[in-house]
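Subject: Structure for you to look at

Hi,

Here is the structure I promised to pass on. My notes follow below it.

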Amino acid sequence: MQTQCPPIRHPAVADPNVIFSELFGEHRDRLYRFVLRHIGDSTEAEELAQQAFVEAARTFEQFRGESQLSTWLYGIAMNLVRNHLSRAPSRLYRFEDESALEATPCLQANPEQQCHMNQLMVLLQTELDGLMPEMREVLLLVAMDDMSYEDAAALLSVPIGTVRSRVSRARSHLRTRLQARGAQLPF
């Protein structure tokens, strides 16, 4: 358990060794966590925290008391963190070799698959345009707009059986026409 240190005295009336001991005792753990949060490496965070304390002890006579001592100390630490990160971009980013890509799935189609899908969509649009308007309208409502058969029937003012029959005939017609044109269907 950490003991509470007395407040740090102004540099004019304090011994630098005592100041450093008090500063270190009061802020050691919090400053370490502050630095660690910014750089993510415990060993380097410990080194930077120590550097911040050394710098604070070295320049304590320049502390004007216009802010809290902790604010001044954390400002020193933040400057050290910034310098540390700017000097070593590898510490900002974790660099991986190409083997990391092997375990990363590609969510997009490769160029060949994309070309095939584009050609299929052109064929599909051509064949949709060739359907009778009543069949096309019902198929688009049910398949594209995700409307239920009941809602499509109500919207078009036709019996539900008519909607089912038109959707079935439209799908069958499209499948036959697309296969006749050499399309390999994913459904």
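Ala-152 sits in helix α8 (helices are DSSP runs of H or I, at least four residues, numbered from the N terminus). The model is predicted: local features need pLDDT of at least 70, side-chain atom pairs count only at pLDDT 80 or more, and totals for chains, interfaces and linings use all residues. Residues are numbered from 1 along each chain as its sequence is written, and side-chain values use heavy atoms, without hydrogens or water.

Ala-152 is buried, at 0% relative accessible area (buried means under 20%, with a 1.4 Å probe and protein chains only). Beyond four places in sequence, Ala-152 touches Leu-141, Val-142, Met-147 and Val-163 (contact means heavy atoms within 4.5 Å). Leu-141 is 11 residues from Ala-152 in sequence, and 6.6 Å from it in space, C-alpha to C-alpha.

Now the helix pair. Helix α7 (residues 133-144) packs on helix α8 (residues 149-156) at about 140°, with the axes 9 Å apart (axes are lines fitted to C-alpha atoms over the stretch in contact; angles run from 0 to 180 degrees between N-to-C directions). Glu-137, Val-138, Leu-141 and Val-142 in α7 meet Tyr-149, Ala-152, Leu-155 and Leu-156 in α8.

On to the cores (sets of buried Ala, Val, Leu, Ile, Met, Phe, Trp, Tyr and Cys residues joined through side-chain atoms within 4.5 Å). The largest nonpolar core has 23 residues; Trp-72 is one of those touching the most other members. α3 gives this core its largest share, 10 residues. Apart from it lies another core, of 15 residues, including Leu-141 and Ala-152.

Best wishes

Notes: Helices (H or I, at least four residues) and strands (E, at least two) are DSSP runs, numbered from the N terminus. Buried means under 20% relative accessible area, exposed over 50%, partly exposed in between (1.4 Å probe, protein chains only).
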